[in-house]
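Student: Hi! Could you walk me through this structure?
Tutor: Happy to, let's take a look together.

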Amino acid sequence: MNKGWSFYRKLFTSTFYLSAFTFGGGYVIVPLMKKKFVDELKWIEEKEMLDMVAIAQSAPGVIAVNTSIMLGYRLAGISGAFITVLGTVLPPLIILSVISLFYAAFKENAAVHAVLKGMSAGVAALIADVTVNMSKNIIKEKNIFSILIMAVTFCAVFFFNVDVMYVLLISGVIGILYTLYRMSKNRGNAK
Amino acid sequence: MIYLQLFWSFFQVGLFSIGGGYAALPLIQKQIVEINHFLTMNEFVDIITISQMTPGPIGINAATFVGMNIKGIPGAIVATVGCVTPSCIIVLTLAYFYYKYRNLWAVQGALSGLRPTVVSLIASAGISILILALFNGYSDSWQNIDFSQFDPWAFILFVIGFIILRKFKANPIYVMLGCGAAGLIIYTI
């Protein structure tokens, strides 16, 4: 696929824009990415985006950066990854550089606190919306296995604070075992 | 060579911060405060506060802040590049193998287990953020909710934002900006 200048510019501005609004932790980039790259630009599918987030989460480093590397590589190889990393890193780099010059004033500012408090409710709404959409899509597949994994891993992480790395590792292994089981069952039926 | 030291210490932060977000905090603290004395503990706590108030991952924020303090803008750039270099190498390798082998049954199987897990990870992070927003930042998990800190305005903003997102498929960024503007009016009056 031949990617022109306008494609790279779009890729850069999109990731820059997303990163500038990723308040409240790495996962906030997921609803923003889904809206932009899955729903709006239709460059990737939701399933593939979930794979990207899974891989990004399994690697060390920052989730938002890792996810954008996956995205850039998928869309335009190494040069794409370079562009998306640049787009993701520049907003915090610029914002923090400016803030570090007068951070005492920024930290105490009542207006800044008020805006951020309002925004945190908005961020919560955003994640709630994307969670409802994604879990609906999983439930719609009517695959008991996926629904069970979703329920159990949620309880493990949310209620029992199990380390995310273990949860990912175990659900990956269970996925492989379940696929093996289904394959052997299909083979048995064919005979 | 201060640039090399900056690069190397944030390279380690990027390499060993597994699990993302606040899981990486002790490690960042060790590199910045204890080993290299780039910052005092109080300045480190300030970075955490600022990271909660600005977009962007805490690792990158810390790198920029430390770099700026030590060597100005070139320092900030060197530290940030150090922080993302391990990610670039590791994730690109994983991406290469994912696109090469993703049609293999074993990879498909593993991903069929991982996809629902990612949804539940996002859900879990989302509920923590919601608890933080609704209880004025005093609680972040279901175990330590302080109901006396309940903020009805945050709840109203959350519900309105959620309805606008679901019914009108609004652009999430406008919803965030709208909630920020509403917060400015509500909380400063």
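Here is our chat about the two chains and how they touch.

Student: What should I know before starting?
Tutor: This is a predicted model, where local features need pLDDT of at least 70, side-chain atom pairs count only at pLDDT 80 or more, and totals for chains, interfaces and linings use all residues. Residues are numbered from 1 along each chain as its sequence is written, while chains are lettered from A and ligands numbered from 1 in the order in which they are written.

Student: What is the mean pLDDT of chain A?
Tutor: The mean for chain A is 88, and 97% of its residues reach 70 or more. pLDDT is the predictor's confidence in each residue, from 0 to 100.

Student: And where in chain A is confidence lowest?
Tutor: In helix α5 (residues 103-108) of chain A, with a mean of 77. Helix α7 (residues 144-158) of chain A has the highest, at 93. Helices here are DSSP runs (H or I, at least four residues), numbered from the N terminus.

Student: OK, new topic. How many residues of chain B are in contact with chain A?
Tutor: 83 residues of chain B, which meet 90 residues of chain A. Two residues are in contact if their C-beta atoms, placed from the backbone, lie within 7 Å.

Student: Which element gives the most to chain B's side?
Tutor: That is α5(B), with 26 residues.

Student: How do the residues on that side of chain B divide?
Tutor: The side of chain B that touches chain A has 52 nonpolar, 28 polar and three charged residues. Ala, Val, Leu, Ile, Met, Phe, Trp, Tyr, Cys and Pro count as nonpolar, Asp, Glu, Lys and Arg as charged, and the others, Gly among them, as polar.

Student: At what angle do α4(A) and α4(B) pack?
Tutor: About 165 degrees, with their axes 10 Å apart. Axes are lines fitted to C-alpha atoms, for helices over the stretch in contact, and angles run from 0 to 180 degrees between N-to-C directions. That makes α4(A) roughly antiparallel to α4(B), a term for angles over 145 degrees.

Student: Which residue classes are in that contact?
Tutor: The contact of α4(A) with α4(B) has 21 nonpolar, eight polar and no charged residues.

Student: Last one: which domains does chain B have?
Tutor: Chain B is divided into domain 1 (2-101) and domain 2 (105-188), with bounds that come from an automatic or database domain assignment. The C-alpha centres of domain 1 of chain B and domain 2 of chain B lie 26 Å apart.

Note on methods
Helices (H or I, at least four residues) and strands (E, at least two) are DSSP runs, numbered from the N terminus. Angles under 35 degrees count as roughly parallel, over 145 as roughly antiparallel, 65 to 115 as roughly perpendicular and the rest as oblique.
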